[in-house]
Amino acid sequence: MPDGQVLEFSRLTKRFGTIAAVSRLTARVEPGQVTGFLGPNGAGKTTSLRILLGLVRASEGTATIGGSAYRSLANPLQTVGAVLEASSFHPGRSGANHLLVYARAAGLPKKRVDEVLGLVGLSDAAGRSAGGYSLGMRQRLGLATALLGDPGVLVLDEPTNGLDPEGIKWIRGFLRQLAREGRTVLVSSHLLAEVQQTVDALVMISRGRLVFQGRLDELTDPAEYTTVVDAPDRAALTDALRSANVSFDVLRSGLTVSGLDGSQVGQVAANAGIALSSLHRRGPALEEVFLELANGTRTHPSADGTVATGEAEERSAGTEPPPAPEGEVAPEPEPEPEPEAEAEADPEPEPERESAPEPERESAPEPEPERESAPDPEPERESAPEPELEPESDLDPPEPSDDDRPWEDYVRTDADEEADAFFSSFDDAGRLSRNDEGEATR
Ligand SMILES: Nc1ncnc2c1ncn2[C@@H]1O[C@H](COP(=O)(O)OP(=O)(O)OP(=O)(O)O)[C@@H](O)[C@H]1O
C-alpha cells in the first residue's frame, strides 16, 4: 500500500461568477487519521474536494496531495481514491463489471476486483446489476472503486448520507481501519454528530472560509466544561457543597458545578462521607459549537480570524470579477438545483440536491481514469485537460470553463462517443469481445 500523504489547501479560492464558493482556505490533513471536513450545506466542501481531485480549477491558491497537484501525480490511482457521489454507476452493469472496467483501464489485475469486493463486503452481490443496489451497497461499490489502486489517500464526500444505522456503523469502522493502516482519510459531512465518533481531526468551513481546524477536543475551551454530580441523598450533597463554598446550579440530572473538576467535587463529597450516584464532566453540545462557529457567533484561533458571515462574503465579492455574461454560470437560481448548475448567492441548505437525480456524467466519483486514459465518459468529461488560466485581474474576468457551466449546456464530445462504444464492447461478465483482427466488437 502506498503511504498516506499530507493534503494541503493553501489560500484556496474558487469563484463561480460573483459567488465565492471557497475563500482563502488554508488547512492541512495528516495521514494515519480520519479527518472530518465539516460545513453546513453550501459551505464549499464539495468544491474544495473537486479542486483537490483535479475536477475543478481553483480561481486562486492550491490544493495538493503530498505536495503535488492532482494532475501532477505520477500514479494517481495508487495515490488517491475518491467517492464524490454514490450513484454514478451504469445501472445495467454488475458491481463486478463496473470495477472490472476501471481495473482494466488502469491496468490492474482482475484479482484486485475480487479483493476490493471482499474488502467492502460486496462479494455476494458482485454479479447483480448495480441499478438494483441499495444506497448502502452503492456506497460500498463507490468505496471499492476508490480502493482499486490501493491508494494511500481516501477522499469521501458525505459517505454516510442516507445510510441506515448499520451502514453508518460499518462505514465508520471501515474508515478507522483504513486510517490505522496509515492512509490519509478525509471525509466530508454537514453534520458533526455524523462524524464525531469516527474522526481524529476536523477541518470546518462555513461560507467557503475556515472556521476551525484541530482535534475534536480542541473545539471547546476546557473552561466551558462543568461537573455534574448527584447523590442518593441530594440534600446532604447540597449541604456539603455549600459548606465547602462551592457554588452550583440544581438541574434535574444533578448538581452542576463550574470551576472544579470531577476529582475536586468528588473530594468534597468524600470529605463529608457522601456516597455519589453519578459524577461526570459535561461540555457544551458539540453540534451547538459547530453551529456557532458556522454562523460566526463563535470564533476559534485555529481559523484565519475571519468571521464567516455574509459580510465576509461580500467583502470578498468586492474583488470578484464582474457578473458572468449570458451562457456562463448565471447568478440567478436555477430551476433544477444541481451542484454544477447552482449559482445561488444564498448558501442555505439545499435538501433537494441531496436526492435529486442527476445526469450520470455529473456524478463521476473517480478522476483517475482520465489520467489512465480510461474510457469512462464521466471522468473524461469531468477532468478533461483545461487551458491554463491567465492571471486574473479585476478588469479581466476569467474565461468560462466547462466546470463553471450549467449542465444543461453540456454538449457531448467525441470522447463521450468513444467511451460509450468502449463500454458497449464488454459483455455482462466484463469480458472484452474481440474480432479476428483483435479489435473490440460489440
Ligand atoms: N458550478 C457551480 N456554479 C455556481 N455555483 C456553484 C457551483 N458549484 C457550487 N456552487 C456554489 O458554491 C457554494 C458551495 O457549494 P458546494 O457544493 O461546494 O458546498 P458543500 O459544502 O459541498 O454543500 P453540500 O453540503 O450542500 O453539498 C454554494 O453556494 C453553491 O451553490
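Reader: Which strands does helix H6 lie across?
Author: This is a predicted model. In it, helix H6, residues 165–180, lies across strand S3 (34–38), S6 and strand S7 (184–189). The helix runs at about 150° to S7.

Reader: And H5, what does that lie across?
Author: Helix H5, residues 135–147, lies across S5 and strand S6 (153–157). Its angle to S5 is about 160°.

Reader: What is the strand order in the sheet?
Author: The order is S5-S6-S7-S3-S8-S9, in an open sheet of six strands with mixed pairing. Strand S5 (80–83) and strand S9 (209–215) are the edge strands, and each of them pairs on one side only. From one strand to the next, the twist averages 15°.

Reader: Mixed how? Start with S3: in which sense does it pair with S7?
Author: Parallel, over five bridges. In that pairing, Leu-38 stands opposite Ser-189 in S7.

Reader: What about S3 and S8, parallel or antiparallel?
Author: S3 and S8 pair in the parallel sense, over four bridges. Gly-36 stands opposite Leu-202 in S8.

Reader: Then where's the antiparallel part? How do S8 and S9 pair?
Author: Strand S8, residues 201–206, pairs with S9 in the antiparallel sense over six bridges. Ser-206 stands opposite Arg-209 in S9.

Reader: What holds paired strands together in general?
Author: Strands of a sheet pair through backbone hydrogen bonds, and the pairing can be parallel or antiparallel.

Reader: Back to S3. Why is it described as largely enclosed?
Author: Five of the five residues of S3 are buried, so the rest of the structure largely encloses the strand.

Reader: Which way do the S3 residues point?
Author: Val-34, Gly-36 and Leu-38 point one way, Thr-35 and Phe-37 the other way, and all are buried. In a regular strand the side chains alternate between the two faces of the sheet.

Reader: Changing topic. Which residues touch the most other members of the largest nonpolar core?
Author: Leu-192, Leu-202, Met-204 and Leu-219 do, in a core of 51 residues.

Reader: What is Met-204 in contact with, leaving aside neighbours within four places in sequence?
Author: Met-204 is in contact with Leu-38, Leu-192, Arg-209, Leu-210, Val-211, Phe-212, Leu-219, Phe-290 and Leu-293.

Reader: Now charges. How many salt bridges does the structure hold?
Author: The structure holds 15 salt bridges. In one of these, the side chains of Asp-150 and Arg-183 meet at 3.0 Å, N to O.

Reader: Where do Asp-150 and Arg-183 sit in the chain?
Author: Asp-150 is in the loop between H5 and S6, and Arg-183 is in the loop between H6 and S7. They are 33 residues apart, and the pair links distant parts of the chain.

Reader: Is that Arg-183 buried or exposed?
Author: Arg-183 counts as buried because its relative accessibility is 6%, and the cut-off for buried is under 20%. Asp-150 is partly exposed, with a relative accessible area of 22%.

Reader: Which residue does Arg-215 form a salt bridge with?
Author: One partner is Asp-217, with the closest N and O atoms 3.1 Å apart. Arg-215 also forms a salt bridge with Glu-218, where the closest N and O atoms are 3.3 Å apart.

Reader: And Asp-217, buried or exposed?
Author: Asp-217 counts as exposed, at 53% relative accessibility. Arg-215 is partly exposed at 44%, and Glu-218 is partly exposed at 34%.

Reader: Which residues do salt bridges that share partners join into one network?
Author: Lys-111, Arg-112, Glu-115, Asp-150, Glu-181 and Arg-183.

Reader: Last bit, whole chain. How many helices and strands?
Author: The secondary structure comes to 15 helices and 13 strands. The chain has 442 residues, and buried residues make up 49% of them.

Reader: What does the accessible surface come to?
Author: About 20,200 Å², with 49% of that belonging to carbon and sulfur atoms. As for contacts with a separation of 6 or more, residues 24 or more positions apart account for 70%.

Terms used: Residues numbered from 1 in each chain as written. Predicted model: local features only at pLDDT ≥ 70, side-chain atom pairs only at ≥ 80, totals over all residues. Heavy atoms only, no water. Pairing = 2+ DSSP bridges. Helix = DSSP H or I, 4+ residues; strand = E, 2+ residues; numbered from the N terminus. Axes fitted to C-alpha atoms, helices over the stretch in contact; angles between N-to-C directions. Contact = heavy atoms within 4.5 Å. Buried < 20%, exposed > 50% of the residue type's maximum accessible area, 1.4 Å probe, protein only. Areas by Shrake-Rupley, 256 points an atom, 1.4 Å probe, with all protein chains shown as cover. Core = buried A, V, L, I, M, F, W, Y, C linked by side-chain atoms within 4.5 Å. Salt bridge = Lys/Arg side-chain N within 4 Å of Asp/Glu carboxyl O.
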